[in-house]
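I opened the model and kept notes as I went. Each entry below covers one thing I looked up.

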Amino acid sequence: MTTGSLGDMCWHNGRLAKIDEVRIDPSDRGFTLGDGLFETLLWTGREIRFFEDHMARLGHGASQLGLAITFSISDLENGL
């Protein structure tokens, strides 16, 4: 995939989806309370740099906020 083709995609509920197909449940905690977390990843064209470190931070942050990670890290990596 090129950067241009990723512009209309996002990771949603455990899968890569087209943005125009994504709907957020109005009762979603992140939507109603604004809580959540994210990691910004660097893609070099060959690899995601420091992927394991990012996932460790994501897991720690989710734990601190009491948020469940409802997908496997390997599924996320495959989606990326």
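**Entry 1: a salt bridge to start from**

I began with Glu-39 and Arg-57, whose side chains form a salt bridge with an N to O distance of 3.3 Å. The two partners sit in distant parts of the chain, 18 residues apart. Glu-39 is in the loop between helix H2 (29–33) and strand E3 (42–43), while Arg-57 belongs to helix H3. I noted that this is a predicted model.

I then looked up accessibility for both partners. Glu-39 has a relative accessible area of 23%, so I logged Glu-39 as partly exposed. Arg-57 comes out at 45% relative accessibility, and that also counts as partly exposed.

**Entry 2: the other salt bridges**

How many salt bridges are there by this rule? The count is 3.

Asp-35 and Arg-29 form one of them, at 2.6 Å from N to O. Asp-35 is partly exposed at 23%. Arg-29 is partly exposed at 49%.

Glu-47 and Arg-49 form another, with N to O at 3.7 Å. Glu-47 is partly exposed at 43% relative accessibility, and Arg-49 is partly exposed at 31%.

**Entry 3: His-54**

Next I went to His-54, which lies in helix H3. Is His-54 buried or exposed? Its relative accessibility is 10%, so His-54 counts as buried; the cut-off for buried is under 20%.

The side chain of His-54 makes a polar contact of 2.5 Å with the side chain of Glu-39. I had already logged Glu-39 as the salt-bridge partner of Arg-57. I also listed the contacts of His-54, leaving aside neighbours within four places in sequence. They are Glu-39, Thr-40, Leu-41 and Arg-49.

**Entry 4: helix H3 as a whole**

I checked the length of H3 against expectation. Its 15 residues should span 21 Å at 1.5 Å a residue, and the end C-alpha atoms are 21 Å apart, so the two values agree.

Which residues of H3 are buried? I found Phe-51, His-54, Met-55, Leu-58, Gly-61 and Ala-62. Viewed down the helix axis, they fall within an arc of 125°, so they line one face of H3. I then asked what they pack against. The answer is strand E4 (48–49) and helix H4.

The face of H3 turned away from this buried side carries exposed residues. These are Glu-52, Ala-56, His-60, Ser-63 and Gln-64.

**Entry 5: backbone on either side of H3**

I looked at phi values next. Phe-50 is in the loop between E4 and H3. Its phi is near 55°, a positive value in a residue other than glycine. Just after H3, Gly-66 also has a positive phi, of about 75°.

**Entry 6: aromatic pair**

How many aromatic pairs does a search of the whole structure find? It finds 1. The rings are those of Trp-11 and Phe-71, with centres 6.2 Å apart and planes at 75°, so I logged the pair as edge-to-face. For that label, the planes must be over 60 degrees apart.

Trp-11 lies in strand E1 (residues 9–12), and Phe-71 lies in the loop between helix H3 (51–65) and helix H4 (73–79), so the pair ties together parts 60 residues apart in sequence. Trp-11 is partly exposed at 28%. Phe-71 is partly exposed at 25%.

**Entry 7: Asp-75**

I made a brief stop in helix H4, where Asp-75 is found. Asp-75 is partly exposed, with a relative accessible area of 42%. I took the C-alpha separation between Asp-75 and Glu-52, which are 23 residues apart along the chain. The value is 13 Å.

**Entry 8: the chain overall**

Along the sequence they run α-β-β-α-β-β-α-α. The C-alpha trace spans about 35 × 30 × 20 Å along its principal axes.

Of the 80 residues in the chain, 14% are buried. Last, I looked at contacts between residues at least 6 apart in sequence. Of these, 31% join residues at least 24 apart.

Key: Residues are numbered from 1 along each chain as its sequence is written. This is a predicted model: local features need pLDDT of at least 70, side-chain atom pairs count only at pLDDT 80 or more; totals for chains, interfaces and linings use all residues. Side-chain values use heavy atoms; hydrogens and water are left out. Rings of Phe, Tyr and Trp (its six-membered ring) pair if their centres lie within 6.5 Å; planes under 30 degrees apart count as stacked, over 60 as edge-to-face and the rest as tilted. Helices (H or I, at least four residues) and strands (E, at least two) are DSSP runs, numbered from the N terminus. Buried means under 20% relative accessible area, exposed over 50%, partly exposed in between (1.4 Å probe, protein chains only). A polar contact is a pair of N or O atoms within 3.5 Å; within protein, one must be able to donate a hydrogen and the other to accept it, and residues adjacent in sequence count only if both atoms are side-chain atoms. Contact means heavy atoms within 4.5 Å. The expected span of a helix is 1.5 Å times one less than its number of residues. The arc is that of the directions from the helix axis to the C-beta atoms. A salt bridge is a side-chain nitrogen of Lys or Arg within 4 Å of a carboxyl oxygen of Asp or Glu.
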